[in-house]
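Here are some friendly notes to read alongside the structure.

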Amino acid sequence: MASKRQMEKMTERQNYRNLWHTDLMHAISADCPYCCFATFCAPCASYMLRKRALYNDMSRYVCCGGYMPCSGHCGESHCPAFCLGTEVCLCFSNSVASTRFMLQDEFSIQTTKCDNCIIGFMFCLQQVACIFSCIAMILGSEEIQEASQILSCLSDLVYCSVCACMQTQHKVELDKRDGKFGSQPTMVVPPTQQMSRVDEPVPYGYPPPSHVQDYPAPAYAPPQAYPPLGYPPEAYPPQGYPPQAYPPHGYPTQAYPPHGYPTQAYPPQPSPPQTYPPQANPPLPVQPQADR
């Protein structure tokens, strides 16, 4: 039942739309001193971040944020501070992941594709280092053993750096929540309100009658008759409109179309056709040749 609920929660996280204030790639530049602190004292950073995520209310603490099978069965209600210290020391990766899930569920934050690639690369590198260690132990080859040690050191380095950047990312998000990036409107308790009673002459919150009488009466201009006198100013339409008869005398100036248009009959008459094929030219006269 718990695993089914966790699977449903993981499916819901894929539909979140908000983003982290800073991603893992820019976490070092966002808060470099805290990233160094999270690198060299990772359990302390995880302890403080979990406490801040719970709004410093340790009565709300549950082991691993309630995301593990052992959550709620470790006596957290009796000594939450001790249980949290045990969690960050013995289950450090789970403590970081639980704080991350708590912030994601609270603010509906999704994990970007870049962050998923970095976290996935860290896990894959750890698996490859583990596989090489097993092969080196079975075969007993010094070369494979040396390669497995190099991979193990590389995976540990990536793991420590990614966890430090991840905790810096959580810290920046908590700073944003607590309003440490500038003046943000804070939620305060509204003032006490008092309801008016029926036997009161003036409702609660209104000025007394003496103050009401001192108010100056608004000065309004006396209303005028409608329509105002002298409207319209003169008879409409004005006299002499239109100015003259229309159309004016002598228009058009001459008959239309003008005399002599068109100049010739239309359409023009066709020219007489010629015989086809044309007759051959007459032969030239033959001149008599002179006697030699």
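This is a predicted model: local features need pLDDT of at least 70, side-chain atom pairs count only at pLDDT 80 or more; totals for chains, interfaces and linings use all residues.

1. A word on the model, and a buried cysteine. Cys64 is buried, with a relative accessible area of 2%. This residue sits in the loop between α4 and α5.

2. Asn56 has its place in the loop between α4 (42-53) and α5 (80-90). Its phi is near 60 degrees, again positive although the residue is not glycine. Is Asn56 buried or exposed? Asn56 is exposed, at a relative accessible area of 54%, whereas Cys64 is buried.

3. A lysine worth a look. Lys171 belongs to helix α8, which covers residues 142-177. Because the cut-off for buried is under 20% relative accessible area, Lys171 counts as buried at 15%. Which residues does Lys171 contact, once neighbours within four places in sequence are left aside? They are Asp31, Tyr34, Leu49 and Arg52.

4. Helix α7. This helix has 27 residues and spans 38 Å from its first C-alpha to its last, close to the 39 Å expected at 1.5 Å a residue. Its buried residues are Asp115, Ile119, Met122, Leu125, Ala129 and Ala136. An α-helix has 3.6 residues a turn, so residues three or four places apart point the same way; please keep that in mind when you look down the helix. The cover over the buried residues of α7 includes α6 and α8. After α7 comes Gly140, with a positive phi near 75 degrees.

5. The largest pocket. Its volume is about 700 Å³. Of the 24 residues in its lining, those closest to the centre are Ala97, Arg100, Phe101, Gln104 and Ile119.

6. Who builds the lining? Helices α1 (2-13), α6 (92-107), α7 (113-139) and α8 each supply at least two residues of the lining of the largest pocket. Which helix gives the largest share? That is α6, with eight residues. By type, the lining of the largest pocket divides into 12 nonpolar, 10 polar and two charged residues.

Terms used:
Residues are numbered from 1 along each chain as its sequence is written. Side-chain values use heavy atoms; hydrogens and water are left out. Helices (H or I, at least four residues) and strands (E, at least two) are DSSP runs, numbered from the N terminus. Buried means under 20% relative accessible area, exposed over 50%, partly exposed in between (1.4 Å probe, protein chains only). Contact means heavy atoms within 4.5 Å. On a 1 Å grid over the protein atoms alone, a cavity is a set of points where a 1.4 Å probe fits but cannot get out, and a pocket is an open set with protein on both sides within 12 Å along at least five of seven lines; lining residues have an atom within 4 Å of a point. Grid points are joined across faces, edges and corners, and a volume is the space filled by probe spheres set on the points. Ala, Val, Leu, Ile, Met, Phe, Trp, Tyr, Cys and Pro count as nonpolar, Asp, Glu, Lys and Arg as charged, and the others, Gly among them, as polar. The expected span of a helix is 1.5 Å times one less than its number of residues.
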